[in-house]
Amino acid sequence: MTSARRQLIDANATPFYHVINRCVRKAFLCGEDKLTGRSYEHRRGWIVDKIKALSAIFCIDICAYAVMSNHYHLVLKIDVDKAKSLTQKDIISRWCQITKGHVVATKYMNGDDLIDGEVMLLDALLAEWHERLSSISWFMRCLNEEIARKANREDECKGAFWEGRFKSQALLDEQALLACMMYVDLNPIRAGIADSVQSSDFTSIQERVNALNPHINSPQLVKTTADNLQPVLSKALAKFDGSTLLSQQTGIPFHFADYLELIDWTGRAIRLDKKGYIDNQRPKLLNELGISPDAWLTSAKEFRRQYSGISGRWDSMCEFKKQHNSGKWCKGKASSQALHP
């Protein structure tokens, strides 16, 4: 039995979540159908454009994304501080970019006087809309509904486009976040459809690498750059702020140079056409987090298999389950102990 979304997503426990959704029947409805020869490749661009547009409206940042032929992955961060800073007019203007809003909200924005009943209604609407603007469920609803409608119009058909509601994983600590982002960014390489991060189309890592200074044309050159290396990106992608703890960060708690070095090392090790030679000098991030190379490579390949609805240290996963009254067992004990010393 599936769990209620409120048991899986709690910004007070962690702002970071891994989200996955698949096309119905796992069909190639976003890529190229080799059977018919028809290309749906442009739909992957729809998804990337839409998540960026929604990120500008919602208080939700995109840490990583990968849009594949029949599914997509997102690593999302709920920006609690941004949500708290929204004014009443901010809430209305943002929500009205998604829906038609409400006549009472329109009157308020126009500066018209409101009667007591309208004031009470407006307060209720503002509370509801404010909560939804930091809701991953509403973010995903807006994303999936529009993509499904556009695809059905293009195909001149009706019916489900996605096989079901999205799946989510809570990422409870730095190791879980790092492993999940790497798993998402390396999806095309692991699937054998790309041989480098630069050729991994419709991924956040390709966008980040392309946004770097033009003279940095290879992840391996990052070793000679400063720790605060930061690509010039759209506001939709969360920045690497270099903090060491999730509780102290405003973005992604690693230096981008370290992340790029690690993804280059990991990508070369898991390529399907290589034997996976690993040199003796493991990347800086693995040393800092105390993760063994073998455990790391297993996680980079099999993150989804290792964990279920949550990922993190074993004690953190059990505590999360306990706080949310979930009777399900925690999946990932052995791998958790290896990845989370």
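This report walks through the fold, the nonpolar cores, the cysteines and the salt bridges of one protein model.

The model is predicted, so local features are kept only at pLDDT of at least 70 and side-chain atom pairs only at pLDDT 80 or more, while totals for chains, interfaces and linings use all residues. Residues are numbered from 1 along each chain as its sequence is written, and side-chain values use heavy atoms, with hydrogens and water left out.

## Overall picture

Helices here are DSSP runs of H or I with at least four residues, strands are E runs of at least two, and both are numbered from the N terminus. Of the 341 residues, 52% are buried. For the cut-offs, buried is under 20% relative accessible area, exposed is over 50%, and partly exposed is in between, using a 1.4 Å probe and protein chains only.

The accessible surface is about 16,700 Å², and carbon and sulfur atoms own 49% of that. Those areas come from the Shrake-Rupley method with a 1.4 Å probe, and for residues only the protein chains shown count as cover. As for contacts (heavy atoms within 4.5 Å), take those with a separation of 6 or more: 68% of them are between residues 24 or more positions apart.

## The cores

In soluble globular proteins, nonpolar side chains tend to be buried together. A nonpolar core here is a set of buried Ala, Val, Leu, Ile, Met, Phe, Trp, Tyr and Cys residues joined through side-chain atoms within 4.5 Å. The largest one has 52 residues, and the members touching the most others are Ile47, Leu74, Ile136, Phe139, Met140, Leu143 and Phe161. Elements giving two or more residues to this core include strands S1 (16-22), S2 (60-67) and S3 (71-78), along with helices H2 (42-57), H6 (116-132) and H7 (136-155). H7 gives the most to this core, at nine residues.

Met140 makes a handy example: leaving out residues up to four places away in sequence, Met140 touches Val19, Tyr72, Leu74 and Phe166. Apart from this core lies another one, with 31 residues, including Ala238, Leu262, Ile263 and Trp265.

Which residues of H4 are buried? They are Ile91, Ile92, Arg94 and Trp95. These four sit on the same side of H4 because they cover an arc of only 170° around the axis, where the arc is that of the directions from the helix axis to the C-beta atoms. The buried residues of H4 pack against H2, helix H3 (80-85), H5, H6 and H7.

## Asp61

Asp61 is in strand S2 and counts as buried, at 11% relative accessibility. Apart from neighbours within four places in sequence, Asp61 has contacts with Ser55, Val75, Leu76, Lys77, Asp79, Lys82, Ala236 and Ala238. Ala236 is 175 residues away along the chain, yet its C-alpha atom is 6.0 Å from that of Asp61.

## Cysteines

With a disulfide taken as a pair of cysteine sulfur atoms within 2.5 Å, the count is zero. Cys30 is in no disulfide, and its nearest cysteine sulfur, in Cys23, is 3.7 Å away. Cys30 is buried, at 2% relative accessible area. Cys180 is buried too, at 0% relative accessibility; the closest cysteine sulfur to its own is that of Cys63, 9.4 Å off and therefore too far for a bond.

## Salt bridges

Side chains of opposite charge can pair when their charged atoms come close. The search of the whole structure turns up 11 salt bridges, each one a side-chain nitrogen of Lys or Arg within 4 Å of a carboxyl oxygen of Asp or Glu. Here are three of them.

| Pair | N to O distance |
|---|---|
| Arg44 and Glu41 | 2.3 Å |
| Glu154 and Arg43 | 2.7 Å |
| Arg132 and Glu128 | 3.6 Å |

In the Arg44 pair, Arg44 is buried at 7% relative accessible area, whereas Glu41 is partly exposed at 27%.

Glu154 is partly exposed at 29%, and Arg43 is buried at 1%.

Arg132 and Glu128 both lie in H6, four residues apart, about one turn of the helix. Glu128 is partly exposed at 35% relative accessible area. Salt bridges with shared partners also join Arg38, Arg43, Glu154 and Asp155 into one network.
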